[in-house]
Amino acid sequence: MRNVYTVAQVNSYIKNMFSQDFMLQNIYVKGEVSNCKYHSSGHIYFTIKDTRGTIACVMFAGNRAGLKFRMEEGQQVVVGGSIEVYERDGKYQLYAREIILDGAGYLYEKFERLKRELAEQGLFASEYKQPLPKYIRTLGVVTAPTGAAVQDIINITRRRNPYVQILLYPAIVQGDQAAASIIRGIHAMEHLGVDVMIVGRGGGSIEDLWAFNEEAVAQAVFDCTVPVISAVGHETDTTIIDFVSDLRAPTPSAAAELAVYDVRQLEAVLEDCRNELFVRMKNRIEWERSRGRQARTKLQYLSPANQIREKRMCALHMEEQMTALIKRQLTGKRHMLGLYTEKLKGLSPLDKLNQGFSYVSDSRGKTVSDVERVETGDKLSIHVKNGKIEAVVTDKELWKQEKGEGRA
């Protein structure tokens, strides 16, 4: 009995055959665009055809980054990708990874191969990039002597800084002799010692720009000791020297903008610096004057003459205080002396005698204050105000002190 297979098995088998074919997994197909539709999801569905057949194609949104133009009906293109089977419908189609206009397919493949090789050699490494000087005096330009590119560079340079000298090497930028001419121009500008060099030309097709994709030109740019700005074509155009150069400019005009500083901005910066310097100098002078005044005040305070004057004033003040204090002390003492004098007057025996009082002493001169200390017949002296009286005791009488009574 014969083997019977399902449709899905057959489609899966065929798909596996396609996936194992290396040529079908990395193929470039040339044809005319037909039935092109941009889906809202970002995918592009189209057909490429020639006089003898058609192939359905799809480019998913994730692969559109490398598409540099909008596809339209009737365009001749080269589509690179893989041919695979869509199992559900049992149809094969081309899954596009890149799409280029016809005529550039071979050159584009060559471009990508050289780009990979030079990257592996390190020619694109950032550590080899030279920084551009901020202020330049000479600008070297390697480009065609006619055309918009050189005029744009000259106009932008003169507008930004008319003092910068432009040295032009009239290079051939298209055709078989272009690469050698560009290399000679790079060497000539390097020999002249320009500050910065612009190498480029105006826009064109990949064939027109191919001289800037030559390995020898890339090596000359890499070996150049002068910083090189690549300015080839328009912003969407990319060449090998864009990766090798020290800086890539999207256009020749932009290259001049990057290379030449704006002298008006520099003048404005210098004016700001001058104003700031003036303000800082003024502030510094005021600060130094303030320091001088403080130093003068401090010197006057610490001056020996000032110290002597201060000490003298202090001594005078202390002398006045001492004189006042002595006067107060003397006044107080005089007052106390007066009080003591009056008090002593009240206690003076002479005053008592003047008042009619007298005192009695025995023969030995001792005061007799007690009747029991004398006897009858003793001689006594009675002292009065103006003399004394000699007497003899003939009788004595003792006065007794009763309780609650005094002596009578």
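Lys388 has a relative accessible area of 53%, so Lys388 is exposed. The model discussed here is a predicted one.

Glu390 is exposed as well, with a relative accessible area of 53%. The side chains of Lys388 and Glu390 meet in a salt bridge, at 3.6 Å from N to O.

## Other salt bridges

Side chains of opposite charge can pair when their charged atoms come close. The salt-bridge count for this model is 13.

One of these links Asp89 to Arg88, with 3.2 Å between the closest N and O atoms. Elsewhere, salt bridges join Arg159, Arg160 and Glu257 into a network.

## Helix α9

Helix α9 covers residues 263-302, 40 residues in total. Its first and last C-alpha atoms are 57 Å apart. What caps the N-terminal end of α9? Asp262 does: one of its side-chain oxygens lies 3.0 Å from the backbone nitrogen of Arg264.

Arg284 and Glu288 sit four residues apart, about one turn of the helix. An α-helix has 3.6 residues a turn, so residues three or four places apart point the same way. Glu288 is partly exposed, as its relative accessible area is 32%.

## Thr157 in helix α4

Thr157 belongs to helix α4, which runs over residues 148-160. Is Thr157 buried or exposed? Thr157 is buried, because its relative accessibility is 1%, and the class requires a value under 20%.

The side chain of Thr157 has a polar atom 2.7 Å from the backbone oxygen of Ile153. Leaving aside residues up to four places away in sequence, Thr157 touches Leu139, Pro162, Val164, Ile166, Ala256 and Val260.

Methods: Residues are numbered from 1 along each chain as its sequence is written. This is a predicted model: local features need pLDDT of at least 70, side-chain atom pairs count only at pLDDT 80 or more; totals for chains, interfaces and linings use all residues. Side-chain values use heavy atoms; hydrogens and water are left out. Helices (H or I, at least four residues) and strands (E, at least two) are DSSP runs, numbered from the N terminus. The expected span of a helix is 1.5 Å times one less than its number of residues. A polar contact is a pair of N or O atoms within 3.5 Å; within protein, one must be able to donate a hydrogen and the other to accept it, and residues adjacent in sequence count only if both atoms are side-chain atoms. Buried means under 20% relative accessible area, exposed over 50%, partly exposed in between (1.4 Å probe, protein chains only). Contact means heavy atoms within 4.5 Å. A salt bridge is a side-chain nitrogen of Lys or Arg within 4 Å of a carboxyl oxygen of Asp or Glu.
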